[in-house]
Amino acid sequence: MENLHVLNHPLLQHKLSILRDKNTGVKDFREIVAEIATLMCYEATRDLPLMDVEIETPVAKARVKVLAGKKLALVPILRAGLGMVDGIITLIPSAKVGHIGLYRDPDTLEPVEYYCKMPADISERDIIILDPMLATGGSASAAIQFLKNYECKSIKLMNIIAAPEGIRRIQTDHPDVDIFCAAVDDHLNEHGYIVPGLGDAGDRIFGTK
Ligand code: PRP
Ligand code: URA
């Protein structure tokens, strides 16, 4: 499955195990979501183009590599995706951030859109959609389609935990989108929760329930 990237670095796996633990409190949960996003960003941006520039070190002139200045945008899916933004901004401080508000109807599990604000030049940017959880894939698929309707061409999806059902949905609906996750879990339960998962990511990040 070429467009699925499971990032299983030991640091990621360790931090993810802390997130999964139901005894992890809101402060640690929030901090670790951000740390995981930073580590995942490192891998998800591996293909960023570089260019040569000439500089002077204290010793000599040198041709060195710098980022070619490709424009990036982060698009967190509200609410839970917000928890991943700061971790990525740490590494890419110039990234713009668009927001898309979707919640899952608890009965139908279908995504319902309630907010959207994108940078004006979103169609020219390489986009990373952020959401800790890929369950049925309905929310992520809708967010991707939404961005494609804006003529966005380069879209990656970053999730902390993905369910096989969600991965299949994205691969069917959007085979051009690369998925980055730290774990592929077993299945969805009858309420559409990822098993074993970590529970409701939004509630655990924001301390709601
Ligand atoms: C969660 C999660 C995803 C969605 C995943 O959000 O953050 O956006 O569910 O489920 P899906 O793949 O089946 O669409 P939720 O609807 O609970 O909203 P919240 O972030 O506001 O809590
Ligand atoms: N959304 C969550 O926050 N957790 C799940 O397990 C599934 C959807």
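In this predicted model, a backbone N or O atom of Ala201 lies 2.8 Å from an oxygen atom of ligand 2. The protein covers 88% of the 240 Å² of accessible area that ligand 2 has on its own. Backbone atoms of Ile194 and Gly199 also approach ligand 2, as the table lists.

| Residue | Residue atom | Ligand 2 atom | Distance |
|---|---|---|---|
| Ile194 | polar backbone atom | oxygen | 2.8 Å |
| Gly199 | backbone N or O | nitrogen | 2.8 Å |
| Ala201 | backbone N or O | oxygen | 2.8 Å |

The residues around ligand 2 also include Arg104, Met133, Ala135, Gly192, Tyr193 and Asp200.

Now the strands. Five of the five residues of S8 are buried, so S8 is largely enclosed by the rest of the structure. In a regular strand, side chains alternate between the two faces of the sheet. On one side of S8 sit Asp126, Ile128 and Leu130; on the other sit Ile127 and Ile129. Both faces are covered.

Which strands pair with S8? S4 pairs with S8 in the parallel sense over five bridges. There, Pro76 stands opposite Leu130. S10 pairs with S8, also in the parallel sense, over four bridges. Here Ile127 stands opposite Ile155.

Helix H3 spans residues 82-89, and its buried residues are Gly83, Met84, Val85, Gly87 and Ile88. They pack against S4, S8 and S10, among other elements. Helices H2 and H6 are also among their partners, as is strand S5.

An unreviewed UniProt entry annotates residues 6-208 as "domain: Phosphoribosyltransferase". That span is 33% helix and 30% strand, and its end C-alpha atoms lie 29 Å apart.

Methods: Residues are numbered from 1 along each chain as its sequence is written. Chains are lettered from A and ligands numbered from 1 in the order in which they are written. This is a predicted model: local features need pLDDT of at least 70, side-chain atom pairs count only at pLDDT 80 or more; totals for chains, interfaces and linings use all residues. Side-chain values use heavy atoms; hydrogens and water are left out. UniProt positions are given in the numbering used here, feature names are shortened, and annotations may be inferred rather than shown by experiment. Helices (H or I, at least four residues) and strands (E, at least two) are DSSP runs, numbered from the N terminus. Buried means under 20% relative accessible area, exposed over 50%, partly exposed in between (1.4 Å probe, protein chains only). Contact means heavy atoms within 4.5 Å. A residue is near a molecule or strand if one of its heavy atoms lies within 4 Å of it. A polar contact is a pair of N or O atoms within 3.5 Å; within protein, one must be able to donate a hydrogen and the other to accept it, and residues adjacent in sequence count only if both atoms are side-chain atoms. Accessible areas come from the Shrake-Rupley method with a 1.4 Å probe; for residues, only the protein chains shown count as cover. Two strands pair if DSSP finds at least two bridges between them.
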